[in-house]
Amino acid sequence: MVHLQVLLLLLLAGFGLSLAVDSAESADGSYFFLFNDDDKNSTDDDEQHREFDRTRDDMHRLLNNRTKIRNEFQFNKARGFLLAGNLTQSELQEMRRQMGKRGTLVPNRRIKLDLPSKVEVLQTKPLNVASSGPSAAATCTGKTCCGRTVSLSFNSNLDWLDGTRNSKYCSPGDDTTKMDVFMLDTGVDGSHPEFAGRVTSSEDCYSANVLPWTPNVDVEGHGTHTAGTVGSTSYGATPNVNIHAVKVLSDEGSGTDSTVICGFEKVKTWLNANSTRKAIVSMSLGYSGISKTVNTYVTSMVNTYGSRLVIVVAAGNDNVKACSATFACIDGVVAVGSTGATKTESSWSNYGSCVDVMAPGENILSTYLSNQTAYMSGTSMATPLVSGVLAQYWLQNPTLTGNAIRTSVSSASSALFTGGVSLKRVSRKPSGSPNKFIQYKCPFGGAC
């Protein structure tokens, strides 16, 4: 079992749930034990460490089984544990009685991919990219642009990026300077020739409680597809990325709070080891409802690393208000809603004030397993397009902080957006989503 040091910032005192009913809400019968705010706010670090050790030892005695406590974590002044599964009701009640003054138990919730339509896999890669000038896409390098002719049948998402639907996409050249993009997903098939070496690392958050799970391998295909929309040669918004594959979902596309937090741990470790570099996290996954544990954790990441980090998330595919679900409800992230080929809000896309930007998410063609391609639909497909655009935008504006990038996203006059989104649907008039459609207008010279 992989040992994690999961990070959390301050968790609200009102976070606790009734232990008598928590087991129904936990993915596998496991729980986070989180210290109360009064313990975490102490300024005596040595005393905090002593209290952490005392509590861990008391838990060992209480449970009479060291294997039931795993994955100790801490962030700043917060302290906590992830308890293993199979806690009995009597153990939960005894934990509540003896440990209630020190902290609360929060269930380890489950997360699962939820695509609104069937995946259509193509056995061969269509020839959908062609040169529209002297610089072919494969040889367009440095600070220049390539005009790429794209088929409306294949790449309507790329066709829209320059603000007009004209079967062309003015693409950035493949520069030596790259933005690091972390794909927290089902993994990425980095051997796909469309990535051309851009998948530079692969991390895994294996959990014995979420099976089947093949470490560091994308068996489901979702992660390979979303990564292709970020930075593959034919289907990506920009080639100027280092793609970091972080597997937080199983071979069947499911995970838990702990696997998601583990994924962010990988990002945090990289940021700490590369103190001058910036990163984008692209997350095409979400919850049906709120995970307060993950919300608080992601907020802590934004607060701590916000100058060098932008987190882009899917609004969700449940046709509900995006504010009602993790991750779109979190302040400081960029939440993406979906449109169809005519810039009409998708009928299944989550909507409302927690959505920051719209992007194409219906019938999107991208990379798939075994060197194939596939059509997929969902806010999962809209999200990586925005991630790719923001990666290139940040490269072109290197003095901006991550906080400034997010400000650009929220600005009504930003060059990152155009209007013209149809937000009125039969089921709700209007939806309350923003009339902001992602766009990329290449600032460099070239054959466009």
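Predicted model: local features only at pLDDT ≥ 70, side-chain atom pairs only at ≥ 80, totals over all residues.

Mentor: **The largest nonpolar core**

The largest nonpolar core holds 46 residues, and Phe264, Met283, Ile311 and Phe327 touch the most other members. Such a core is a set of buried Ala, Val, Leu, Ile, Met, Phe, Trp, Tyr and Cys residues joined through side-chain atoms within 4.5 Å, where buried means under 20% relative accessible area (1.4 Å probe, protein chains only). Two or more residues each come from strands S1 (31-35), S10 (179-185), S14 (279-283) and S15 (309-314) and from helices H7 (257-273) and H8 (292-305); these are DSSP runs, helices being H or I with at least four residues and strands E with at least two, numbered from the N terminus. H7 gives the largest share, 7 residues.

Zoom in on Phe327: beyond its neighbours within four places in sequence, Phe327 is in contact (heavy atoms within 4.5 Å) with Ile111, Val260, Met283, Leu285, Gly286, Tyr287, Val294, Val298, Val313 and Val333. There's also a second, separate core of 38 residues, including Met183, Ala359, Val386 and Leu416.

Residues are numbered from 1 along each chain as its sequence is written, and side-chain values use heavy atoms, leaving out hydrogens and water. pLDDT, the predictor's confidence in each residue from 0 to 100, averages 80 here, with 78% of the residues at 70 or above. It stays under 50 over residues 1-24 and over residues 424-428.

How values were computed. Buried < 20%, exposed > 50% of the residue type's maximum accessible area, 1.4 Å probe, protein only.
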